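Here is a short report on one protein model and its ligand. Look at the sequence and the structure before reading on.

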Amino acid sequence: MISHQPGLLEIRGLHTEIPARGRIVRPARGLDLTLYRNECLGVAGESGCGKTMLLLSIIRLLPRRAAITAGSIIFEEKDLVGLSASEMRAVRGRRIAMAFQEPMTALNPVLSIGSQVMESIRLHRRLTRHHAKRRAVELLADLRIPDPERRLDQYPHELSGGMRQRVMLATSIASKPSIILADEPTSSLDVTVQAQIIRLLSALQKQYQISLVFVSHDLALLSQLCHRIAIMYLGRIVEVGTAEEIVTHPRHPYTRALLECIPPLPGERPTRDTAEAKGKLFREVAGELPGPADAIPGCQFHPRCPIAIDRCGIDNPSLHRPTQTHQVACLLAS
Ligand SMILES: Nc1ncnc2c1ncn2[C@@H]1O[C@H](COP(=O)(O)OP(=O)(O)OP(=O)(O)O)[C@@H](O)[C@H]1O
Ligand SMILES: [Mg+2]
């Protein structure tokens, strides 16, 4: 049972702040999340709710002037929040790697594919050039890149978007990290290539026994790819559970609202409950996400919540556990 395993990464009470134009933006507002070994954990939530900032907090690559002001991120018995810049460099890229939405931001345009993949391999193991090259060819083949030997001499601009994304994933996996943080890694690709990369990621997660955190707006995609899904709202995780629990038994009103935004799959008949039946194909969660610097008393979702009661404007509920695998932060959810 997932909940009985010790967490590989334990985030507790995380707060981050970014001073911006005389205001303080708060991308994390008391965030709790556990990542287990060998799992794929999806993170979903509206644009601006803090998903990218969460991943950047874990690898300590927050924007300049941003700071973690409270909380802990425990990984391999160390609190990443307290590590010095040089201690953090030993973790980042080696033990925890990041896969970005746009591979060109992660790949160096003036270095060949081979030298970039080999450099990542050597972060993990001291290998001779000959052995590193052999391993690079194996890795590119694992990423289903055709003709891997020839690719080593090519440069990022010579590859298609899908192939670049595969090479970027190869550099992430090369150092045998135990965690990969993937921030919408397929959203810049077209739909068929997206599906191939998703299948590949899922296979690699198992083959390399990696814990994968996969951020996406797409709950339907996450439910196919991930073991568990965490729902994020304005700097907090408001619900987390197995993919099945989240999709078929959502307990937080925000999760239910997000699920109503999923348009029916092609060929699926709309039911009376679906957004399409209500005449709104791409329904949005009612109301707007508050500004990132707004201080909201009580539950952060209560101003938009269809079932809020007076107490919701006063108490900010922590996650409680209705089942062994399911956690929800709502006063009204049992
Ligand atoms: N450098 C910055 N300075 C000030 N505010 C920032 C900065 N970077 C991000 N923010 C704010 O932090 C909040 C969280 O941003 P974040 O990028 O994590 O959202 P997100 O959930 O990843 O959104 P999306 O789904 O659009 O990628 C947003 O309100 C954003 O405007
Ligand atoms: Mg983002």
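## The model

This is a predicted model: local features need pLDDT of at least 70, side-chain atom pairs count only at pLDDT 80 or more, and totals for chains, interfaces and linings use all residues. Residues are numbered from 1 along each chain as its sequence is written, while chains are lettered from A and ligands numbered from 1 in the order in which they are written.

## Overall size

The protein chain holds eleven helices and eleven strands. Both are DSSP runs, numbered from the N terminus: helices are H or I with at least four residues, strands are E with at least two.

Along the principal axes, the C-alpha atoms fill a box of roughly 70 × 50 × 45 Å.

## Two domains

Domain 1 covers 2-95 + 177-328, and domain 2 covers 103-176. These bounds come from an automatic or database domain assignment. The C-alpha centres of the two domains lie 29 Å apart.

Domain 1 gives 13 residues to the contact and domain 2 gives eleven. Contact means C-beta atoms, placed from the backbone, within 7 Å. On the side of domain 1, helix α8 (residues 191-207) gives the most, with five residues. That side has nine nonpolar, three polar and one charged residues. Here Ala, Val, Leu, Ile, Met, Phe, Trp, Tyr, Cys and Pro count as nonpolar, Asp, Glu, Lys and Arg as charged, and the others, Gly among them, as polar.

## A helix pair

How do two packed helices get described? By the angle between their axes and the distance between the axes. Helix α4 (residues 113-124) and helix α5 (residues 129-142) pack at about 105 degrees, with axes 9 Å apart. Axes are lines fitted to C-alpha atoms, for helices over the stretch in contact, and angles run from 0 to 180 degrees between N-to-C directions. The pair is therefore roughly perpendicular, a label for 65 to 115 degrees.

In α4, the contact residues include Val117 and Ile121; in α5, they include Leu139 and Leu140. By class, this contact has seven nonpolar, one polar and three charged residues.

## Around the ligand

Which residues come nearest to ligand 1? They are Ser47, Lys51, Thr52, Met53 and Pro292, out of 14 around ligand 1. A residue is near if its C-beta atom, placed from the backbone, lies within 6 Å.

Elements β1 (9-20), β2 (23-35) and α1 (51-58) each give two or more residues to this shell. The largest share, three residues, comes from α1. The shell has eight nonpolar, five polar and one charged residues.

Conventions:
Angles under 35 degrees count as roughly parallel, over 145 as roughly antiparallel, 65 to 115 as roughly perpendicular and the rest as oblique. Two residues are in contact if their C-beta atoms, placed from the backbone, lie within 7 Å.
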